[in-house]
Each structure stands twice: as C-alpha cells, then as structure tokens.
Amino acid sequence: MDSIKLLHLLADDPRATITDLADILGETEENVKKEKDELEKNKIICGYHTVVNWDKANIEHVDAYIGVSAKPERDAGYDKIAERIARFPEVSGLYLMSGTSEFLVSLNARTMREVADFVGSKLAPIEGVTSTVTMFVLKKYKVNGVTMDMKEEIHDDRMIISA
Amino acid sequence: MDYNKLLSESAVKMRPSGIRKFFDLAAEMPECISLGVGEPDFQTPWDIRDAAIHSLEIGRTKYTANSGLKELREAICEYMKRKFDLSYELNETLVTVGGSEAIDLAIRALVEPGDEVIIPEPCYVSYEPITTLTHGVPVHVACLEENDFRITAEQIKAVLTPKTKILVLGFPNNPTGAALRHEDLEAIAEVLRDTNVTILSDEIYAELVYGMKHESIAAFEGMKERTIVVGGFSKTFSMTGWRLGFACGPKELIAAMTKIHQSCIMCAPTTSQFAAITALRDCDDDVDEMRKQYDLRRQYCVRKLNEMGLKTFEPRGAFYVFPNITSSGMSSEEFCQKLLQEKHVAIVPGTAFGDAGEGFARISYAYSIDHLREAFKRIAEFLEEHKGEN
C-alpha cells in the first residue's frame, strides 16, 4: 500500500477514520490500520494536534519564543543540553538554529510570571546555557498553516455546471 | 421592433448549448451536490494573486500591446520550450482572453464559407458554433470508447477532402479525459504532412496528465508550420476568472489572429497578464501539488464507478471521468435528469459534448474527496434503486 498517500491524507485530515481512508485508497480497513499503526510505531507519524485559538476561548495563556545561547559539550555537542531543555513539559518546541542563538525554545504558559520563572529558575541555570532572549507573542495570525481570525477566503463560488 | 426578423440567421440558428439546458435545471436545485463544473476547485496560488495586486499597487492599469505584454510573451516562449520542447518567437505568440478567444480567432482567421472543419467528438462545446458562425462546415468524427476516446489517423484520413481547412485536436480532452499517445500523434502527423490542413491543437489541459507526459503535435516533424497551439492559465493555474489564454503558431496566422483580436478585444486584461508572468515562471510546485490531488481523485472515481457497475475507462488527462451509463438502460439525458431530480447530484450528459457522447456522462473531479464520496454514495443508491428497470 502507498504509505506516502496515507501520510498526505492524514496530514490533511488527522480525523479521517480508518473506514474513510480505506475507501479513498481502495484498500481493506485491515491493511490501512496495519500501515497506520506501523507509521505511528516508527514515529513517522509523531502525533495528531488540534489547533486551538486560545485567545478566542478566553483562556488565560501566554506564548513565548526564547533564544538560548549555549556552549557545546565535548563528545555530546548540543544534544545533552537540548535533552535537558526538552524535558520540561511547558516547552512545546525546541530547535537547534543557525544565527545568533544556538536554540530556539517555544513555550506555552499561563502568565508572564510563569514564563519569567521558567527562564530564571529552570532554563538559565542549565549548565552550558550562557544567555537567553525572551520574546512574547502578542497576537497570532497563523499557526501550523491555519490562519486565525483573518478574513476567510471564499470557499467555492463556482457555478453549479459549466463547460 | 421584431427581433425575430432582425437577428442574423446564423445567430438564430446557433444551437443552445446542452450544458446551458442542464444548468437551468440544476440552478433550480441550489442544494444539489454538483460534479458538473469545468473549472478547478483550487484557489489561484497566492504568488500569482500577489503579483496581480502588486501590479495594481504600482499602477499598471493601462492597455498593453495588442498581442500582449512583451515580458509575458517571452515567458510563454520560455515555458513552451521548457515544458514541450517547442521553440516560438515573440511574433509567433498572442495573448488572448482565455483559450476560447484563441479558438475563435484561429477559426475566423482561417475559415472561408464552405470550408470543412474536422471536429472529433465528444469535445469542448465551442468549436462547432464558431465554425458555423464563420459559415464553415463542421465534420464530426466520433472518438470511440474502445479506443479510449482517442481519435485515430484512419478516422481523420477517411473524412479528409480538398475542402478540409482545419483539424481540431482537443487533447487532453474535455469531457472524456482522453489523451493522445506519441504513436497516435505520429500517425496523425503522417496523414496531414502533405496536405494544406491546419491543426487547431487545443492543449488547455496539457499540464494535467497522469502517468504520461503531454506531447504537442506541433513538436512532430513538419507539424509546427501547420499547427496553432492553444494554451491557457485557467486549468493549469486555477485561474478561470482571470480570463487569460494564449496561442502559438506560424507568424502569418498569428498576425491575422492579432488583427481580429485588436478589433474586438484590444488586449487581454492587463492585471491578469502580470499575474500570468508569475504563473509561468514561479509556480511549477503549485501545479505539481494540484496534479497530485487530481490524480488521487481520478483513481478514486474510476475505481468507484467501475465497482458500481458503470464501465469507466481510465482517463489520462484533464479532471473528468466519462462513465458508460448504458447498463442503466437510460439515455444520457434521462440518466442525468433523474439523478438530479432523485438524488440531487448534478453531472452533465455526454450528449452536451456532441452526439458521440450518447451513452456517457461527464463527471468532474475538481472537488474535494469528501464531496466526491458523498456524491458517489448517492449515485450508487440511484443505481441500486433503478436496478432491473432496463
């Protein structure tokens, strides 16, 4: 079975059921389930996420991006520091970057105080971390390919029948 | 004023399009699920829209040269070379208002009263009316299901006369999805090589082919001098509303077409022309992505229709499938009308594309897979409910 097609279908619509997928791909449900389980097991599919506009839900929250400068360790490079940062559950993303800072950390918290505490008492003290630059998100326009609160594009205004 | 007496005979004689008739029926049913359109469901890629907006911001709001912006014609020449290995000069290129204007211009520039125009059917709906308006004589040739709706060189040879002026080749084809293979084109080229027939090659769907590469007949030996290639932006770049197409061909023919074009159109819309430069130069990835999506739907449609018992050949191009509906015992019109009335699914009877379409219906897959699944569920129910009636 064509696992690339399956991946594309799931990337477009993670809610597609096994029955839907089998119908679209012309495969048995059993085969699709097996393939999907395999992709999940091998961490090719790493998760299924819901994009929530928390602002609209009136739930207090703060997102921040933190540039983290760090010194590499002998033998381990940046990987050990990265592991230490990644283990904090409030860290939603972590990337090794080119540019002025070594890491970019994205953080989901409830208040600015929480972000400050995280940086001051958890992130900065990690051995090898030399400095941090914290940037707070003021407004979100697009998240994971989904636009937020922008004027919707017209979905389909085609005529019913045309040549 | 009695317009029954005033209107020109040729305008009065024009047959109302079969599509129009069906459109009126479907329009009364706004909640119906349509598989009836001949245009892509994708939005025009943002880069193209952005280029258009930028052109407006800096004030490019005037007429262009009659034949189109030089930069766009250069981009068309580069594109034809890059995609289809066809070399054209600027004076062999004309920018038109959609591919349909290019078809109109080519026929008007060539046809004298009484000249014959060979039109393989089923086909796009404009070739015949333009031919008759020009007092040409349409000569229909039926593309057959057993040939996967490809026209053959023998069929063309059989209808060639000293009066034949144009052979229309509309492949990849609307409504069947058929595409011509290398050997088909070679054989057709052989038949035409020593004649004075011009080929009107409508290649508007050239970029939407699956599992094969599109070849233009103009690329075959001796054919470029006798072929006018019609291309466009509507289908490839999802730009139907921008109304932009082009023609490439022998400079004498392009010059004659440009004369007609400047009298009736002046020039194609300027904003669309600026957008089109970006489309041709920067949007291969967008086209690849759309093609991938169409291909998934194409395979889905062919499989589902065959499973339901409607024999459907695997189309190689465009975004249509053309199932054989004769097993239902109904005519094309009857089938589509009942399907619309009973299940609120709009598809187009094959006969809207010529008599050769009897026994078939055109289903467009320019729709999301979810939309297709719901429509096909209803078509399956419809077939089940009418089982054994024939």
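**Exercise 1. The interface of chain A and chain B**

How many salt bridges does the rule find across the interface of chain A and chain B?

*Solution.* The model is predicted, so that local features need pLDDT of at least 70 and side-chain atom pairs count only at pLDDT 80 or more, whereas totals for chains, interfaces and linings use all residues. Residues are numbered from 1 along each chain as its sequence is written, chains are lettered from A and ligands numbered from 1 in the order in which they are written, and side-chain values use heavy atoms, with hydrogens and water left out.

Step 1. Apply the criterion: a salt bridge is a side-chain nitrogen of Lys or Arg within 4 Å of a carboxyl oxygen of Asp or Glu. Across the interface of chain A and chain B, 4 salt bridges meet this rule.

Step 2. Examine one case. Asp23(A) pairs with Lys304(B) in a salt bridge, with 2.5 Å between the closest N and O atoms.

Step 3. Turn to polar contacts, that is, pairs of N or O atoms within 3.5 Å; within protein, one must be able to donate a hydrogen and the other to accept it, and residues adjacent in sequence count only if both atoms are side-chain atoms. The interface of chain A and chain B holds 16 residue pairs in polar contact, both residues at pLDDT 80 or more.

Step 4. Locate the elements on the side of chain A that touches chain B. Helices (H or I, at least four residues) and strands (E, at least two) are DSSP runs, numbered from the N terminus. On this side, α1 (3–12) and α2 (18–25) of chain A each supply at least two residues, and the largest share, 5 residues, comes from α2(A).

Step 5. Classify that side. Ala, Val, Leu, Ile, Met, Phe, Trp, Tyr, Cys and Pro count as nonpolar, Asp, Glu, Lys and Arg as charged, and the others, Gly among them, as polar. The side of chain A that touches chain B has 8 nonpolar, 3 polar and 6 charged residues.

**Exercise 2. Extent of the contact**

Determine how many residues each chain brings to the contact and what area is buried.

*Solution.* Step 1. With contact taken as heavy atoms within 4.5 Å, chain A contributes 17 residues and chain B 33 residues.

Step 2. Buried area is the accessible area (1.4 Å probe) that two parts lose on being put together, summed over both. For chain A and chain B this is about 2000 Å², with 53% of it on carbon and sulfur atoms.

Step 3. In chain A, the residues that lose the most area to chain B are Arg158(A), Ile160(A) and Ile161(A), together 37% of what that side buries.

**Exercise 3. Cavities**

Describe the cavities and their linings.

*Solution.* Step 1. On a 1 Å grid over the protein atoms alone, a cavity is a set of points where a 1.4 Å probe fits but cannot get out; lining residues have an atom within 4 Å of a point. Grid points are joined across faces, edges and corners, and a volume is the space filled by probe spheres set on the points. The whole structure has 2 cavities of 30 Å³ or more.

Step 2. The largest cavity holds about 110 Å³. Of its 15 lining residues, Phe171(B), Leu180(B), Leu185(B), His214(B) and Glu215(B) lie nearest its centre. The lining comprises 9 nonpolar, 3 polar and 3 charged residues.

Step 3. The second largest cavity has a volume of about 90 Å³. β7(B) gives the largest share of its lining, 4 residues.

**Exercise 4. Cis peptide bonds in chain B**

Which peptide bond has omega near -5 degrees?

*Solution.* Step 1. The bond from Phe171(B) to Pro172(B) is cis, with that omega of near -5 degrees. Pro172(B) sits in the loop between β5 (164–169) and α9 (182–192) of chain B.

Step 2. Asn174(B) and Pro175(B) are also joined by a cis peptide bond, with omega about 20 degrees. Pro175(B) is in the loop between β5 and α9 of chain B.

How values were computed: 1 Å grid on protein atoms, 1.4 Å probe; cavity = no way out; pocket = protein on both sides within 12 Å on 5 of 7 lines; lining within 4 Å.
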